[in-house]
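The following note comments on selected features of the structure shown below.

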Amino acid sequence: QLSVMALEHESIWPVVGAGVAATATTVWYLKGRRQSKVVDVLGVVAAAGAVGAFIQFRWRSSVVVRGKQRLSDADMKKYGLTSRGLLPETCCESLPPSHDAWEELSAKLPALNRSNEFRPAMNFLPVLPVSQLSEGELRRGFIILTQFATSYLNGGGEPWGTVPRVLPPPLAVPLHSIAAELGLPPVMTGTLDLWNFKFVKPNKGGPFASRDITCISTVSGEEAENGLHRVVTAMQSVVGPIIPELVEVHRAMAVEDNREVERVLRNLLKVLTQYVEMVKDIWALVDPVGFYEGYGPFMCGYDDQAQLGVEFRGVRPDGPLAPTCRVVHRDGKDVVISLAKAYNAGQTTQFVLFDAILGVHHSPDGLTKPFKTEMLDYMPRGHRLLAQDVLSNYSPENGGSLAQYIEAGKGTGALRDLHTRCLQKLVAFRQSHFRVADKYLEAHPEGPDGGTFRDMLRDAIAATKAIVVRQAGPVGCQ
């Protein structure tokens, strides 16, 4: 009966009780009542039933309703999560020998970009197949080829906005194939902060600092490029261990398990506090002038005011298309183009989670919400699904965010205080991000349009502050 209760209520303690009771009963009967074989058998069956119920519980239950929240192994796989959260356990550092040509060119890429000699080198490569590459190798290929693409388009020494608008088949065909397979736009994305790091010394798991890693490959070879991605990747590692509980805290909210909600918020507060400090590393590692002169020209997407995009020559227009790609008719034939946007901070999943769970509302009429919705397509497929599910689970229709939970009088004073402190730290982080971005945009005013980006950052800060102010009223419950 205790085992059945466990399965009905998804709690481990009835299973433990069943196991102890059944085992004790079995021992007692085996020692003192050996003349009753039927009773002995019943005792063994009871113990076996408890063990069976425990196994079934572990398989059926993805969470403990009261207590620490956890995702099932199936959900971890579905969302592309590991023990490091959004990061892989390790990144593939080199492709198989069949693709040595890519690795050799990647090793020379910074020097070729400095000498404006990358395009001729790329044109001599064959079109290499990608169908036999593993998942990790596809990710490595994606990083390399998107770095090749921006080098081909932006590494010829021409002024910004005058780059060629066509990628040749040796680059376009495999890049588009890998992008379509991974469900990503064929352009440098936030995956640079997920799939392009290696440790400079052995790591046993868990969060790490920017000094512990380096980029596997770079476009410019500049320390500014390496430093930027090291800091952002290290930030991913800090939040990684709590991603599952952030995703599942809505289950604790559903049963008003305030102790569990408070525990999750305390962990989130620690992460956001670390983030505020980690942003300061960018000032030390990324020189503004060196960043824009060495790496800035390569941080461009394929979108342009004329909506011409970049043509992916050799890609079949009647086949599956990667995100942001479409077929247009030019010069008497159908061709595949992409209008993908450039790498930016909006392509990371963690801030979608923070906003949805804490209740930061971005107005549909503002700049931030449409941008964030568009950037979902720039996330790895599993992470995109995670973000979409979180946005749904914490929507007003499905129970709402923590802000709505508190406003409904379901939280404690301690919970409300933790929620406010998390929002304040998120505001502090976004203000620090704005100051960094503003400084680097000033270093290269003729580069990409920074006005819109500044406005979006201001919009995000204002939206977060609005929730802090709203939560500053009297506590509705104790």
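1. This is a predicted model, in which local features need pLDDT of at least 70 and side-chain atom pairs count only at pLDDT 80 or more, while totals for chains, interfaces and linings use all residues. Residues are numbered from 1 along each chain as its sequence is written, and side-chain values use heavy atoms, with hydrogens and water left out.

2. An open sheet of mixed pairing is formed by four strands in the order β1-β4-β6-β5. β1 (166-167) and β5 (325-330) stand at its edges with a single partner strand each, so one side of each lacks a neighbour in the sheet. β1 pairs with β4 (residues 310-312) in the parallel sense over two bridges, and V166 stands opposite E311 in β4. Strands are DSSP runs (E, at least two residues), numbered from the N terminus; two strands pair if DSSP finds at least two bridges between them.

3. There are 13 aromatic pairs in the structure. The ring centres of F199 and F208 are 5.2 Å apart with planes at 85°, so this pair is edge-to-face. F291 and Y295 also form an edge-to-face pair, at 5.7 Å centre to centre and 85° between the planes. Rings of Phe, Tyr and Trp (its six-membered ring) pair if their centres lie within 6.5 Å; planes under 30 degrees apart count as stacked, over 60 as edge-to-face and the rest as tilted.

4. F208 is buried, at 5% relative accessible area, whereas F199 is partly exposed, at 23%. Buried means under 20% relative accessible area, exposed over 50%, and partly exposed in between (1.4 Å probe, protein chains only).
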